[in-house]
Amino acid sequence: MRIVLLCILLIAMQSNAQQPIIYLFPGQGADHRAFKGISIEGYELKVIVYPVPKKGASMRSYAEQLLEQVDTTRRYSFFGVSLGGMICVELSAMTDPDHVILFSSAKCREELPKRYTFMRKLPLYRMFPGQSLILGAVLAQPFFEPTNIQTMRLFWRMVTRKHPLFMKRAVRMVVTWDREEAPDGIVHFHGKRDHTIPSKNIENATLLDGGHMIILEKPELVNELITRQLNAPTGASPLSE
């Protein structure tokens, strides 16, 4: 009996090892819980863990640091949300993933809201400690990204567990992001009511009925869109809602 169970376990492990991986990159104020509703049949899902960026880290240098968590010996894809999507863009220029899929994010600095240009020229954000950025996110969320109470509470639980220094240095990475053009081959889905990264700045994306937290608000739709995109022919256009 033990031999049978061992054989079953070995077969399961071998099958899992052959599955392609989707690396999940959360947003600045989120963690693995942002993907609690994400499930893609036939793929192993791994959430990237964000260490505190080194002092002066750029989006590119931070992406290089996170590359240590990616197993490039197997087939893999990137799925990034908000800040995580920007990191995926940088990683796509360094590696050769099967797919790069973004939600609620930006593909270059031109797609970021104009306030970041202002912050780049007048970096007053440097004066504020990371803890104040966390408090600001908690207080501003209901006004800028209104959502249901369950999603709001989950966001609060995630953002309040963030390291203050991570929050401050992540803001700097976004403000100083220097990517001028969006790379080819990236699939982008974006909420029409996204106020954090307004859809009016976004090009070549499929617009959905939702806000910045669409992966928490509509995980079934997100799963469907990702699955359809993964199964689409290479080079196919983004799929609509």
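Me: Buried means under 20% relative accessible area. By that cut-off, which residues of α3 are buried in this predicted model?
Reply: The model is predicted. Ten of the ten residues of helix α3 (residues 83-92) are buried, so the rest of the structure largely encloses the helix. The buried residues are L83, G84, G85, M86, I87, C88, V89, E90, L91 and S92.

Me: Which elements do the buried residues of α3 pack against?
Reply: Both helices and strands take part. The helices are α2 (59-66) and α7 (164-175). The strands are β1 (21-25), β3 (76-81), β4 (100-103) and β5 (186-191).

Me: How do α2 and α3 lie to each other, roughly parallel or roughly perpendicular?
Reply: Their axes come within 9 Å and cross at roughly 80°. Angles of 65 to 115 degrees count as roughly perpendicular. The two helices, α2 and α3, are therefore roughly perpendicular.

Me: How many residues of the contact of α2 with α3 are charged?
Reply: α2 brings M59, R60, Y62, A63 and L66, and α3 brings L83, M86, I87, E90 and L91. Eight of the contact residues are nonpolar and none is polar. The charged ones number two.

Me: Which strands stand at the edges of the sheet?
Reply: Six strands form an open, parallel sheet in the order β2-β1-β3-β4-β5-β6. An edge strand here has a single partner, so one side is left without a neighbour in the sheet. The edge strands are β2 (44-47) and β6 (206-208).

Me: What is the bridge partner of L24 in β2?
Reply: β1 and β2 pair in the parallel sense. Four bridges join the two strands. In β2, the partner of L24 is V47.

Key: Residues are numbered from 1 along each chain as its sequence is written. This is a predicted model: local features need pLDDT of at least 70, side-chain atom pairs count only at pLDDT 80 or more; totals for chains, interfaces and linings use all residues. Side-chain values use heavy atoms; hydrogens and water are left out. Buried means under 20% relative accessible area, exposed over 50%, partly exposed in between (1.4 Å probe, protein chains only). Contact means heavy atoms within 4.5 Å. Two strands pair if DSSP finds at least two bridges between them. Axes are lines fitted to C-alpha atoms, for helices over the stretch in contact, and angles run from 0 to 180 degrees between N-to-C directions. Angles under 35 degrees count as roughly parallel, over 145 as roughly antiparallel, 65 to 115 as roughly perpendicular and the rest as oblique. Ala, Val, Leu, Ile, Met, Phe, Trp, Tyr, Cys and Pro count as nonpolar, Asp, Glu, Lys and Arg as charged, and the others, Gly among them, as polar.
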